[in-house]
Amino acid sequence: GGGGGGGITDDGSSIIAGGVTLRVLQHIPTGGAMHAEAFNIGDRLFLAIANHAGSGTGGDVFNVASSIHEWSPELGKFVPFQIVRESRGGYDWEAFKIDGTPYLVLSCHVNASFHRVIDSFVFRWDGAKFVVLQRITASAAASATVFTVGTSTYLAMAESYDGITRDLESHIYRFHRGRGRFELFGQVPTQNAHAWHHFVFPPRSPNHYLMAVQRYNETGNTHEIASPVYAWGSTCKTQ
């Protein structure tokens, strides 16, 4: 092996990429999978898969469940743990914790009627499985990003298309501990938003930033588009 070449070994169980052997551990059935998110609950390992499209015709392809799998040390592979039937055109999972309690957000993109303004879901761990905590209506949600500023936890939805336009507002929510749910905090104008990225610089400083990753300028009919970086503060400023 060596070099930057790649190839499949004789038994088909591994590939060589950049001189590193990648061994196939298992194949997990998916349906037009868009994203996977690994996370831990205690010493247990889970893998959530966002399925976007399955079998069927027309819009029915988007009526496909997403899934959560758990690692089995005894079997040495992931096994099915929970079927998430709320999923419609699943696009993204985001795993996070608030005060030690695990949560998941599933971003849903489109339903069987080709509607784009549909519910995405926040799930809460009840000690045995994930249960729906709340629905958040979004416009073709492409992803969700959860971040903490001080003692507050925020959820930013990247919203891409409402069925008419891609120039729309993406919404940011803040977790209300007393009510145990996310509530609308504000909205930011975006253009076909694909993701939010939160970061802190310098590390461990109070300087928080958000970048809105944008894909398409509808007015100019071009993918050449600026993606803004916001400085989080009493008055947000675009860099």
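This is a predicted model: local features need pLDDT of at least 70, side-chain atom pairs count only at pLDDT 80 or more; totals for chains, interfaces and linings use all residues.
Biologist: Why is R44 called partly exposed?

Modeller: The relative accessible area of R44 is 29%. Buried means under 20% relative accessible area, exposed means over 50%, and partly exposed is in between (1.4 Å probe, protein chains only). Residues are numbered from 1 along each chain as its sequence is written, and side-chain values use heavy atoms, with hydrogens and water left out.

Biologist: Thanks! What makes E70 and R44 a salt bridge?

Modeller: The rule asks for a side-chain nitrogen of Lys or Arg within 4 Å of a carboxyl oxygen of Asp or Glu. E70 and R44 are 2.7 Å apart, N to O, so the pair meets the rule. By this rule the count comes to 6 salt bridges.

Biologist: What does the pair of E70 and R44 tie together?

Modeller: E70 sits in strand β6 and R44 in strand β5, so parts that are 26 residues apart in sequence are tied together. Strands here are DSSP runs of E with at least two residues, numbered from the N terminus.

Biologist: Is E70 buried or exposed, and how do you know?

Modeller: E70 has 16% relative accessibility, so it falls under the limit and counts as buried.

Biologist: How do you know that R166 and E218 form a salt bridge?

Modeller: Their side chains meet at 3.2 Å, N to O, so the pair passes the same test. R166 lies in the loop between β13 (152-159) and β14 (167-176), and E218 in the loop between β17 (208-214) and β18 (229-231), 52 residues apart. R166 is partly exposed at 28%, and so is E218 at 25%.

Biologist: Why is R179 called exposed?

Modeller: Its relative accessible area is 53%, so R179 is over the limit for exposed. R179 meets E183 in a salt bridge at 3.0 Å, N to O, and E183 is partly exposed at 27%.

Biologist: Now the sheets. Why are β4 and β5 called paired?

Modeller: Two strands pair if DSSP finds at least two bridges between them. β4 and strand β5 (residues 44-51) have 8 bridges and run antiparallel, so they count as paired.

Biologist: What makes β4 and β7 edge strands?

Modeller: The open sheet of 4 strands runs in the order β4-β5-β6-β7, with antiparallel pairing. β4 (33-41) and β7 (77-84) each pair on one side only. The twist averages 25 degrees from one strand to the next, with axes as lines fitted to C-alpha atoms (for helices over the stretch in contact) and angles from 0 to 180 degrees between N-to-C directions. β7 and strand β6 (residues 66-72) pair over 7 bridges, and the partner of S67 in β7 is I83.
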